[in-house]
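Trainee: Hi! Could you walk me through this one?
Mentor: Happy to, let's look together.
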Amino acid sequence: IVSNEALCLSRRDNLGEDGVVIGRVDRTPYQKLLLELGGGEQFLMDLYDDPEPIEELMEAMMRRLDEEMRMAMDSKIEVIWMPENVTCDMTPPHMMKKYHLDAYQRYGKWAREASKVVVAHFDGKVKPLKDMLNQSGLSGLESLSNPDIGGDSTYEELCEMFPNMALLPNFPANLAMESEAEICAYIRYLKQTADRYGRTLMLQVSEDLPAQS
């Protein structure tokens with residue numbers, strides 16, 4: 001576990017009032033094995049066919065993540081980011097409950113005690129996970145995608161689903177090739193929706209946008 005607190009604080013000082021520097025921690029073990037170390041097909045087949053060794057590995061990885069989170073809580077970083085990349089296609093509700101919820105609740109509790117916030121990357125389908133996410137203790141969800149790019153909820157639906165969480169909708173990459181008028185119309189829709197629900201709009205670009213010639 002390596003702390004980059006000095007670098008984060010230097011960047012925070014350089015950024016000043018123009019933004020927020022986030023402290024990145026690792027993914028939860030299920031997501032790390034799914035997305036980085038094992039791959040979706042192999043990891044899920046192993047987990048369903050012979051869960052004991054996989055769960056033993058995940059428990060060891062979770063202990064390390066707990067240490068990492070403790071370091072983040074003891075740091076001066078105010079916003080902690082978990083790059084989860086969750087969608088219920090690959091993390092159905094029973095897997096969310098079994099392998100994620102306790103960790104989210106634990107980290108949410110630690111964050112509140114340390115006067116910090118924890119934001120997680122959820123960029124796919126989230127409707128079936130709604131109840132657990134509302135119980136998770138996470139401060140916010142970012143990169144939430146609309147149905148045009150693989151999500152299952154409009155920004156308006158997300159505001160209804162998660163009334164007490166900060167939401168950062170993803171700017172849809174497919175709009176990058178559309179006209180300026182269409183882009184502006186979409187952003188106006190987001191702004192008007194945020195105003196209607198009493199939210200501050202935070203719009204995120206988390207896709208690789210195509211280069212313009």
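Trainee: How many strands form the sheet, and in what order?
Mentor: The open sheet has 5 strands, in the order β1-β2-β3-β4-β5, with parallel pairing. Strands (E, at least two residues) and helices (H or I, at least four) are DSSP runs numbered from the N terminus, and two strands pair if DSSP finds at least two bridges between them. This is a predicted model, where local features need pLDDT of at least 70, side-chain atom pairs count only at pLDDT 80 or more, and totals for chains, interfaces and linings use all residues. Residues are numbered from 1 along each chain as its sequence is written, and side-chain values use heavy atoms, leaving out hydrogens and water.
Trainee: Which strands stand at the edges?
Mentor: β1 (22-24) and β5 do, each with a single partner strand, so one side of each has no neighbour in the sheet.
Trainee: And what does β1 pair with?
Mentor: β1 pairs with β2 (residues 79-82) in the parallel sense over 3 bridges. Arginine 24 has tryptophan 81 in β2 as its bridge partner.
Trainee: New topic: which residues of α9 are buried?
Mentor: Tyr186, Leu190, Thr193 and Ala194. Buried means under 20% relative accessible area, exposed over 50%, partly exposed in between (1.4 Å probe, protein chains only).
Trainee: What's on the face turned away?
Mentor: The exposed residues Glu180, Ala181 and Arg196 are carried there.
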